[in-house]
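Dear colleague,

Please read the notes with the coordinates open beside them.

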Amino acid sequence: MVKKTLEDIKNTLQDVDASEISYAERGYHLAIEAQKGSLVSVVEFFADKGFYLADLCCVDYVEYLELVYLFNNFKELCRAKVTLKVEPDKPVAPTISHIYTMAHWYEREIHEFFGVYFEGHQKLTYLFLHNGIDCYPLRKNRVPVTDDDKKLLDSFKPEEEEDAFFINLGPQHPSTHGVLRVVLKMDGEYILSAEPVLGYLHRMHEKMAENRSYQQFLPNPARMDYPGALLFNLAHVAAVEKLCGIEVPERAQYIRTITCELNRISSHLLWIGAFLGDLGGLTPFLYAFDDRENILDILESATGSRLTYCYFRFGGLYNDIDDNFIDMTKKFIKRMHERLGMYEKLITKNVIFINRVRGIGILEQSEVPKYGCSGPIIRSTGMPFDIRKVEPYAAYDKIDFEIPTGKTGDNMDRYMVRMKEMEISLNIVEKAIEKLPSGPFNAEKVPKKLKPPKGDVYHAVESTRGETGVYIVSDESDKPYRMRWRVPSFSNLMTFPALAQRTLLADAIATMGSFDLVIPEIDR
Amino acid sequence: MGKGGFYLETKDPIIKFAVVEKILNLARANSLWPMTFGLACCAIEMMSTAMARFDIDRFGAGIFRASPRQSDLMIVSGTVTKKMAPTLVTLYEQMPSPKWVIAMGNCAISGGPFAFEGQYNVVEGVDLLVPVDVYIPGCPPRPEGLLEGLMKLEEKITGTRRFPTVEQKW
Amino acid sequence: MNELNNIMSIIGKETVRAIIGLIGVLVLVVINALILTWAERKVAGHMQRRIAAKEVGPFGLIQPIADSLKLLGKELITPANVERSLFYLAPTLIFIPVLVSFVVIPFDSYLQVKDMNVGILVILAFSSLSVLSILIAGWGSNNKYSLIGAIRSVAQNIAYEIPLLLSLLPVIIIAHSLSLKDIVEAQNGLWFVVYQPFAFLIFFIASVAETNRTPFDLPEAESELVAGFHTEYTGMRFALFFLAEYTNIFIVSAIAATFFLGGYQGPILPGIVWFFIKTYFLVFVILWMRWTFPRVRFDQLLNFSWKVLIPTSLVNLIITAGILKL
């Protein structure tokens, strides 16, 4: 696949510089340098081949700004990095939002954080930042906001129209699970259009990463995605390990797998409760939390915290697990299997529930690459794409497990996929405990002060919501030059305006609930 | 929203009915309905507190009202960003008095880990926006912490404590 | 004593009876609401594997008193831009039909404020008024969520009033009376639920919808409309809506008990005890449903009424009438 794509690029595209890269070191296969004139044709080439836009970010090298487009293929692993250099003074780049819908938001994000203009973008307004901002935050030198952009800052207002009925869903609303705001244009109970407004919980994680060393950043990822904290923790740790070439001992890998899967179950349990809460049933919320508390007990005994874990260290773990941990886990697995049966009786077979979720919020499989969404959302459309299988990390390559998929991609399928995932996670934990090797749990000779070699790396893990990727650029200092987080909820949410169109308010809320959105992760 | 924040003017009533006030305060302390207002990580722990294991409803504070008009207690559970700040102030003003605010977690107290040099988006402490009655430190605080915070608030309202405290031995 | 008799003769025995009855009803309404708020918390708690209200008084029994005192002492906010007269009127208006309904309910063979020969018509006529006050509340609040809640409520109540009435008609045909007391007396032998199981089911479902309870709580759907039609109401005004809701639950359960479960009829225990046992059992079922089911969607709700409940109750009515005629 990689060789073939490279050949195709060399044959069909002019004015590009493509080369193959060591995947083990960098996390991507192809590096392509495009020029302003050739960028759109390169992106069109990838779109034709069925690639999805995994990420689009920008790095400020002071002399120039570099736009980084990361592509990947759902069918066969082939990660490609396309770069485009733009001037720092008046940065302008061609838009690709007409090819990939997702790029709409990525380009808006880059515009507000770096001041890059995208020619041809339909609506280059502010997405995250508040009205009082006076510079482009992620630029290395302080660059004041231009006058043109100042006008855009306060520009988000619903269009004045006669007979239009607008509803602000959020930022404080019981069904947005945090501080998401969605502006709904209504026709009675029907939604004409939905427009999410983000940034109510933008906590500058990417800026923080540039201000502190790799070790100091360790607690941050957990605050980004609190229901699945360990998985984000792992994404950061594994990316830095890849960058520095640290070998992690086998035992640590297995423990990482066990704790991550437990965390996945607890996150899914939280989701079930919240989803049913959106549908108006409050009791499952408490049942799910009851089980969740059991997992928290187990994880607390190893990590020391209940929610925002910071358990993994570069080259290993914070501490080893003991027999007590394994006993508790085994007991929990037994209990959880019974409870899953109860959930099936209580929820899955409930007539009202079935009528509320079946056939609602259908996401077509063909639409998926345009949005670049991932996780249970694409698996529900019938696409068996799981980073754990495609790019195995930790000990997933040594454990056999299946990937549950749906058929139609509606809310019911998303629910079923997550239910099955919990069962599979239980099996993974069970198998991993059986195979758990003895030995050290920390790599030797990991320096206190990490100074990774120059270069960049992309590492993705399958978090509870989908592909979570970290793109790190190192400049040989102990702080990352740039750390970019590719978060699944951001691209998953992008599908919401399309799915919510012409549906009832209640259905739109059910659809939003089925996405399992975590707002700090979207806003970062 | 300048330095020091702003506070609502409160006037003492001309005539005070001591006994009535006392009974009302007792009722208020035992029926603190919080607002469904989750901001970030701490919101999950706030939910945990309302769930089966910790069950904040035992103390009469379990009816989470989604509308600020019907709630007495605002638990600021998480980071307040500058974009969120006006909304938070509006919500506070929509609540009918007497009303109370609990700042839950380090972010709500002082910006927590997100208060660093050069930060551009976080309000460093919700007490810059609204008057806070009880601060609960932690990142995030455990549910027991929130329960203790509730006890403290009750103590503040009534002047007496619900449960005796454990004597500290260290 | 003579003077008292004189006063009695001037204002009439019936009036005195009505005044005493109304005071009794008011007390009952308040006590019922206090009990139900406590019961709802406890029932919900035990269904959700927790204890719920416990620390405020023994078994948390003082909890509802604390709640109501607190609501009494709350600030009454009138938001800017509300339609003031409507905004003030709605909470009071929602309470009147609720009180009137109590007048005709027979609590025991001798305990009834007034036995009217059109008893059930009075209840049905006045219960339709409550939807008007919900509409007024939603419109007057000048809040989008309230408005949607009010609109939903109107559509829902109109749709469910028809099966409500149609399911009561077979009972009226069998008992040959509109008076509630006569209907109870007619169930001296077998309860009407045995003759009319479908009518009972339809009535129960429709009455849950009429009282806006889960799974039909669309007008105040929390996850969609924040608090629905009473989003903007504070303190005692909100408490009145709360009170009306719980009293409504009691009334529909009482009517169901009167019409289908033999009212105050029962062996050994006095009639009033039987009446409250039956009523509170039905109330418990309504609470049980709330903490078990998710909410239905708006179109499903209306479809269910127009396509299932109304035809079934019509068929049931025709069959009953036909059998009686034979």
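**Sheet of chain A**

Val59(A) stands opposite Glu66(A), a residue of β4(A). Before going further, please note that this is a predicted model, in which local features need pLDDT of at least 70 and side-chain atom pairs count only at pLDDT 80 or more, while totals for chains, interfaces and linings use all residues. Residues are numbered from 1 along each chain as its sequence is written, and chains are lettered from A, with ligands numbered from 1, in the order in which they are written.

Strands here are DSSP runs of E with at least two residues, and helices are runs of H or I with at least four, both numbered from the N terminus; two strands pair if DSSP finds at least two bridges between them. β3(A) and β4(A) (residues 65-73) run antiparallel and are joined by nine bridges. They belong to an open sheet of five strands, ordered β1-β2-β5-β4-β3 in chain A, with mixed pairing. Because β1 (17-20) and β3 (51-60) of chain A stand at the edges with a single partner strand each, one side of each is left without a neighbour in the sheet. The twist from one strand to the next averages 20°, where axes are lines fitted to C-alpha atoms (for helices over the stretch in contact) and angles run from 0 to 180 degrees between N-to-C directions.

Two helices of chain A pack on this sheet. α1(A) (residues 2-12) touches β1 and β2 (30-34) of chain A, and its direction makes about 165° with that of β1(A), whereas α4(A) (residues 103-114) touches β3 and β4 of chain A and makes about 5° with the direction of β3(A). Contact means that the C-beta atoms of two residues, placed from the backbone, lie within 7 Å.

**Sheet of chain B**

In chain B, three strands form an open sheet in the order β1-β2-β3, with parallel pairing, and the twist averages 15° from one strand to the next. Three bridges join β2(B) (residues 100-104) to β3(B), and Ala103(B) stands opposite Tyr135(B) in β3(B). Helix α5(B) (residues 143-158) packs on the sheet, touching β2 and β3 of chain B, with its direction at about 165° to that of β3(B).

**Between the chains**

Finally, 28 residues of chain A are in contact with 31 residues of chain B. On the side of chain A that touches chain B, α10(A) gives the most, with four residues.

Best regards
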